[in-house]
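Reader: Please take a close look at one part of this model, the surroundings of the ligand, and follow the helix that matters there to its neighbour. A plain account will do.

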Amino acid sequence: MSFTKLGLCQPITDAVSSLGYTSPTRIQQQAIPVALDGKNLIAAAQTGTGKTASFVLPILEALRHGETKKKKRARALILVPTRELAIQVDSSIRQYAQNLALKSMVMYGGVSYEEQKKALIEGADIIVATPGRLLDLYGQRAVYFEEMEYLVLDEADRMLDLGFIEDINKILSRLPENIQTLLFSATLSNPVRELARTAVPDPVEISITKHSASKKEIAQWLVTVDKDQKSALLSHILSEERWSQALIFIETKHGAAKLVSQLEKRGIHADAIHGGRSQAAREAVLNQFKAGELKYLIATGVAARGIDIEGLPCVINYDLPFPADEYVHRIGRTGRAGAQGEAVSLVSKDNFKNLCMIESRLGHLLERRVIEGFEPKKPVPISILNYKPKARREQNDGQDNGEASNSAPRRERASDRGPKRDGDKPRRNAPFSDAPKDSEKRRSPRKPRTQDSRSSSRPKNAGRKPRSAE
Ligand code: AMP
């Protein structure tokens, strides 16, 4: 499917293709038509699934038909739990709106009011805000809501966890009636549904569950690091995390042997199985690991094939595997039979394409961590979902997962082995009494918006009555 088929105009589809997006993600395919149709929406979707574009693109499509009439007003409000997310969403909007004459501004606490007030006076179409700061500015009459047509509650579960419910309710009660509301949340828990009951009347409900490749029992995260710092970082993580055992995957047999001695120098005992060791030595090491006598086992992907360790708490990808399916197999060694497991990957800039392929395979981004003292000098860019590898890589993929590209170290192949073997804090009691109330009505309960109640800036198809989920 293409973005054009979703009913988005060329300036928007050009913008997304300039960002390397070739087709909409699952949440975009489902949410964009609903939002373009003027319906309210509640969507269960994790960060990393492309959810930002799934609400920003239809809002841009609708807003481009009109303009914000007065200063200190905007036509779309996106409420987010944290300043970091506010900045991220605002920067996505700027990218998606690069070919449109629409302006977005960001509002969060902990910084001076002046710049945000100035941006409101200069005029904005979309406000991305944390609830507390928005209420502050509303109380100071720096922002008015009567031109608002769209409301997004992004990461609603997190906003509730952070205690923003009172602030959200105050904002909701001041917004115009019949605003179109889109709620996104990682989970549709009871408190989120409770919020949705008053905030999002008659919604269409969609749920994008994680790809089955990502089991919820496995906590997956990655650490970005420069390549030459990986062994020091691994020692650090092993000492900090104190897993009872960890299976550490590495690409080459030479790398495996070297890593054992690098860890040893830092006082961590590990052993390795790889094609350079005899069958008997490998079996002995594996038995020690299975019996819990060895804490850390370093293994090449080939040598570790078929290894099944009961209750293994952690799998570490010292090197990212290729192709992406190999990642799914590797992490599946932990989190078995309902037990919780962790899968950690050390990722340097030269692993970027590999990472894109893995995250595209999973259908979501992996949580990223940077560890103090190991901040990469060469940052790893944020992945593109739906990443399509170049033909040359696909060919390599087809040969054998042991074939590396020219720049990567030569991976161990099955033939290298010996004999064959299986192998902004929420504001409480925020001063609100000074907030203007004249131009806004209370909106409880809210009615679905009709075409008549909308401004002339709405797209033709955007005024239909919201329909409940089927
Ligand atoms: P989000 O879930 O909105 O935080 O998006 C996660 C990442 O996916 C961001 O880096 C986006 O740039 C990227 N992304 C969003 N939509 C697409 C798409 N259709 N194709 C490729 N990448 C996308």
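**The ligand shell and its helix**

Author: In this predicted model, the shell around the ligand divides into seven nonpolar residues, eight polar and one charged. In total, 16 residues surround the ligand. The closest are Tyr21, Gly50, Thr52, Leu385 and Asn386.

Which helix gives the most to this shell? That is H3, covering residues 51-63, with three residues.

H3 also packs against another helix. Its axis and that of H4, which spans residues 83-96, come within 10 Å of each other and cross at roughly 50°. Angles from 65 to 115 degrees count as roughly perpendicular and those under 35 as roughly parallel, so H3 and H4 are oblique to each other. The crossing of H3 past H4 is right-handed.

On the H3 side, the contact is made by Thr52, Ala53, Val56, Leu57 and Leu60. On the H4 side, these residues meet Val89, Ser92, Ile93 and Tyr96. By type, the residues of this contact divide into seven nonpolar and two polar, with no charged residue.

As for the setting, the chain has 15 helices and 14 strands. Of its 470 residues, 43% are buried.

Conventions:
Residues numbered from 1 in each chain as written. Predicted model: local features only at pLDDT ≥ 70, side-chain atom pairs only at ≥ 80, totals over all residues. Near = placed C-beta within 6 Å. Helix = DSSP H or I, 4+ residues; strand = E, 2+ residues; numbered from the N terminus. Nonpolar A, V, L, I, M, F, W, Y, C, P; charged D, E, K, R; others polar. Axes fitted to C-alpha atoms, helices over the stretch in contact; angles between N-to-C directions. Parallel < 35°, antiparallel > 145°, perpendicular 65-115°, else oblique. Left-handed = near helix turned anticlockwise from the far one by under 90°. Contact = placed C-beta atoms within 7 Å. Buried ≥ 20, exposed ≤ 12 C-beta atoms within 10 Å, placed from the backbone.
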